Amino acid sequence: MPQGSYQADVLGRVELSAEHERLVGYATDGGPCRFKPQSRVLEGHLQGGVLVGQLTLCLEGASCPAVETVPILALYSPEDRSLTAYVRPQAGCQAPVLGTGGLLVLQPAQAGAAQAPVRGGAPRMARLRMEKRHPEAAKEALERGNRLLGMKEWRGSAAEFERSITHDDRNWVAFFGLGTAWLMSGQAPDAIDALNRARTLNPREPSIHYHLACAYSRLGDRKQALAHLGQAVKLGYGIPEGTQDQELDRLLGSDAASLNKYVGLLQQAVANNKASAGRRQQTGP
């Protein structure tokens with residue numbers, strides 16, 4: 001059973017303990033909800049790796065209660081001692097920090113502090129630390145990260161990709177997913193760090209270079225954006241006509257020195273996409 005100091009974005013620091021065969025959590029620093037110290041925020045029974053219980057959290061939104069207690073099912077991972085759940089407040093209400101998907105990850109406080117963003121500190125990639133290699137835990141976290149990425153839950157997906165990397169730092173897909181999540185959440189420098197790690201592990205993957213081009217466009221770096229776009233296209237990256245990245249298009253399409261090369265690369269990318277579609281059609285399902 002998980003016990004001791006835990007951390008979650010929406011709850012802050014929480015102390016977990018066993019009381020009469022129930023798992024109980026008390027807020028110790030209030031977190032974003034500003035709970036009073038020692039407020040009970042979590043309780044339930046842990047049954048075969050699943051916590052069945054209830055969670056107290058604060059809400060935002062018109063006609064929403066300031067605080068609500070909701071039922072939860074949380075999965076316990078004995079490998080990293082974390083609890084993961086999807087929280088569903090009443091319709092029209094949202095808990096701060098959780099986002100629309102409602103992902104809650106309650107993890108040991110020491111691990112949480114190692115991965116938390118630090119303004120003005122070292123790059124986030126540098127703060128990831130390899131734990132004991134655990135391929136199965138890495139795979140499970142990677143799958144969760146990909147699902148959340150598909151749901152556009154950037155914060156939650158990044159947390160899962162980070163978790164995957166701490167168990168296996170040789171999988172380029174996890175670094176690529178992490179870079180993509182950071183890129184989509186406006187963290188271009190961190191995205192570049194993660195994508196470059198992915199590129200080191202798989203230098204022939206064109207989508208890594210395309211995402212690097214997009215990340216550099218957010219920083220206004222035309223030279224790097226154009227170079228990585230060129231490498232992506234050279235490796236066969238395809239773009240459906242009219243779907244190029246808007247920031248990349250704005251940066252390179254507005255620069256006279258880059259325009260001709262950029263247009264040529266776009267045309268080749270569209271041709272790559274059509275050729276790829278043709279091959280798929282020929283091979284069949």
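Colleague: How much space lies in the largest cavity?
Modeller: This is a predicted model, where local features need pLDDT of at least 70 and side-chain atom pairs count only at pLDDT 80 or more, while totals for chains, interfaces and linings use all residues. Residues are numbered from 1 along each chain as its sequence is written, and side-chain values use heavy atoms, with hydrogens and water left out. A cavity is a set of points on a 1 Å grid over the protein atoms alone where a 1.4 Å probe fits but cannot get out, and its volume is the space filled by probe spheres set on those points, joined across faces, edges and corners. For the largest cavity this comes to about 40 Å³.

Colleague: How many cavities of 30 Å³ or more does the whole structure hold?
Modeller: The search covers the whole structure. The number found at 30 Å³ or more is 1.

Colleague: Which strands each supply at least two residues of the lining of the largest cavity?
Modeller: Lining residues have an atom within 4 Å of a point. Here they are L42, L51, I72, A74, L83, A85, L104 and L106. Strands are DSSP runs of E, at least two residues long, and helices are runs of H or I, at least four, numbered from the N terminus. Those giving at least two residues each are β6, β7 and β8.

Colleague: By class, what makes up the lining of the largest cavity?
Modeller: Ala, Val, Leu, Ile, Met, Phe, Trp, Tyr, Cys and Pro count as nonpolar, Asp, Glu, Lys and Arg as charged, and the others, Gly among them, as polar. The lining has no polar and no charged residues. Its nonpolar residues number 8.

Colleague: What is the volume of the second largest pocket?
Modeller: A pocket is an open set of points with protein on both sides within 12 Å along at least five of seven lines. The second largest pocket has a volume of about 220 Å³.

Colleague: Which residues lie nearest the centre of the second largest pocket?
Modeller: Its lining has 13 residues, with 4 nonpolar, 4 polar and 5 charged. Nearest the centre lie L75, Y76, S77, E140 and R144.

Colleague: At what angle do α6 and α7 pack?
Modeller: Axes are lines fitted to C-alpha atoms over the stretch in contact, and angles run from 0 to 180 degrees between N-to-C directions. For α6 (residues 206-218) and α7 (residues 222-234), the axes are 8 Å apart and the angle is about 165 degrees.

Colleague: Is α6 roughly parallel or roughly antiparallel to α7?
Modeller: Angles under 35 degrees count as roughly parallel, over 145 as roughly antiparallel, 65 to 115 as roughly perpendicular and the rest as oblique. The angle here is about 165 degrees. Therefore α6 is, to α7, roughly antiparallel.

Colleague: Is the crossing of α3 and α4 left-handed or right-handed?
Modeller: A crossing is left-handed if the near helix is turned anticlockwise from the far one by less than a right angle, and right-handed if clockwise. The crossing of α3 and α4 is left-handed.

Colleague: How far apart are the axes of α4 and α5?
Modeller: α4 and α5 (residues 188-201) pack at an angle of about 160 degrees. They are therefore roughly antiparallel to each other. α4 passes α5 in a left-handed crossing. The distance between their axes is 8 Å.
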